[in-house]
Amino acid sequence: MKKIFSRPDSLKDNPFHYCPGCGHSVIHRLVAEVIDELGIKDKTIGVPPAGCAVLAYNYFDVDMCEAPHGRAAAVATGLKRILKDRVIFTYQGDGDIAAIGTAETIHAANRGERITAIFVNNAVYGMTGGQMAPTTIPGQVTTTTPGGRLPVRDGYPLDLSGMLGLAAGSAYIERTTVSNPKGIIKTKKAIRKAFEVQLEDKGFALVEVLSPCPTNWKMSPTEAARWVDETMTKIFPIKVIKDVA
Ligand SMILES: Cc1ncc(C[n+]2csc(CCOP(=O)(O)OP(=O)(O)O)c2C)c(N)n1
Ligand code: SF4
């Protein structure tokens, strides 16, 4: 019988600990498929976040190097500068990359570091109980904004990808979603391109993936996916933000 579906080589045979309907599981799989397809498993090093994906080394079957919260871009920069023949990717949530790691990320992009960043935007701090993140949208209820995020009090959502698109050293920045099948296919293409940009030595590359967090949003997986499509994409439109690669 012809085999048409199997676990990517770059994913270990471990059950994910992520909640049902969480985008991390899908995004892990897409990254692993791309690594397999590009044939770079033996030379890839991943840098996981502090966040729900902190245990990513239990899942990716490539070398992994843990970074403190927000410091993935700095760790990835060091790895890439020393090991130029390796493919380095960071995997970070919005709290990690757009709050604690904002400075590292902007300067890595501006320096044009040859690294690939996967930015998982679920609009909350997932791992620590669903607090407001820089990406929480106006009106969104979180544990620290029980009445909904109020911009005059809490500030506005931060468009990190838009900021990174302005950085001179960034080559490719795209925002996608894994909340529907078409979005998943586009996300894989974007992740592949973000790795190719690094392989072709063109500059900093990042894919922001809008990702459901049903647990902290207190929604079913189906409701959470719909909320991404109908509400979150109004604040964070799905689009190529920069492509000079
Ligand atoms: C310097 C530092 N501050 C705070 C924490 C606590 N902390 C760990 S994970 C996390 C939230 C992560 O949220 P996010 O990056 O959005 O990822 P998610 O869990 O949603 O995937 C926080 C605040 C920490 N580990 N280190
Ligand atoms: S808390 Fe949210 S981000 Fe974390 S595993 Fe659960 S659904 Fe995913």
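Student: Which element gives the most to the lining of the largest pocket?
Tutor: That's α3, with three residues. Helices here are DSSP runs of H or I with at least four residues, and strands are E runs with at least two, numbered from the N terminus. Keep in mind that this is a predicted model, where local features need pLDDT of at least 70, side-chain atom pairs need 80 or more, and totals for chains, interfaces and linings use all residues. Residues count from 1 along each chain as written, chains are lettered from A and ligands numbered from 1 in written order, and side-chain values use heavy atoms, without hydrogens or water.

Student: What volume does the largest pocket have?
Tutor: About 200 Å³. Ala-50, Gly-51, Cys-52, Gly-126 and Met-127 are the closest to its centre, out of 17 lining residues. A pocket is an open set of points on a 1 Å grid over the protein atoms alone, where a 1.4 Å probe fits, with protein on both sides within 12 Å along at least five of seven lines; lining residues have an atom within 4 Å of a point.

Student: And which elements give two or more residues to that lining?
Tutor: α3 (94-100) and β5 (124-125). By class, the lining has seven nonpolar, eight polar and two charged residues, with Gly counted as polar and Cys as nonpolar.

Student: What space does ligand 1 take?
Tutor: The largest pocket; sitting there means that more than half of its atoms lie within 2 Å of the grid points. α3 and β5 each give two or more residues to the shell around ligand 1, and α3 gives the most, four.

Student: OK, which residues come nearest to ligand 1?
Tutor: His-24, Cys-52, Asp-96, Gly-126 and Met-127, out of 16 around ligand 1; "around" means a heavy atom within 4 Å.

Student: Which polar side-chain atom lies 3.5 Å from a nitrogen of ligand 1?
Tutor: One from His-69. The side chain of His-24 has an N or O atom 2.8 Å from an oxygen of ligand 1, and a polar backbone atom of Met-127 is also 2.8 Å from a ligand 1 oxygen. Alone, ligand 1 exposes 590 Å², and the protein buries 72% of that (Shrake-Rupley, 1.4 Å probe).

Student: Switching to ligand 2: which helix gives the largest share of its shell?
Tutor: α8 (residues 214-217), with three residues. The residues around ligand 2 include Tyr-18, Cys-19, Cys-22 and Cys-213, along with His-24, Cys-52 and Gly-126. His-24, Cys-52 and Gly-126 also come up among the nearest to ligand 1.

Student: How many charged residues are in the shell around ligand 2?
Tutor: None; that shell has six nonpolar and five polar residues. The shell around ligand 1 has two charged residues, plus six nonpolar and eight polar.

Note on methods:
Points joined across faces, edges and corners; volume = space filled by probe spheres on them. Polar contact = N/O pair within 3.5 Å; in protein donor to acceptor, adjacent residues only side chain to side chain.
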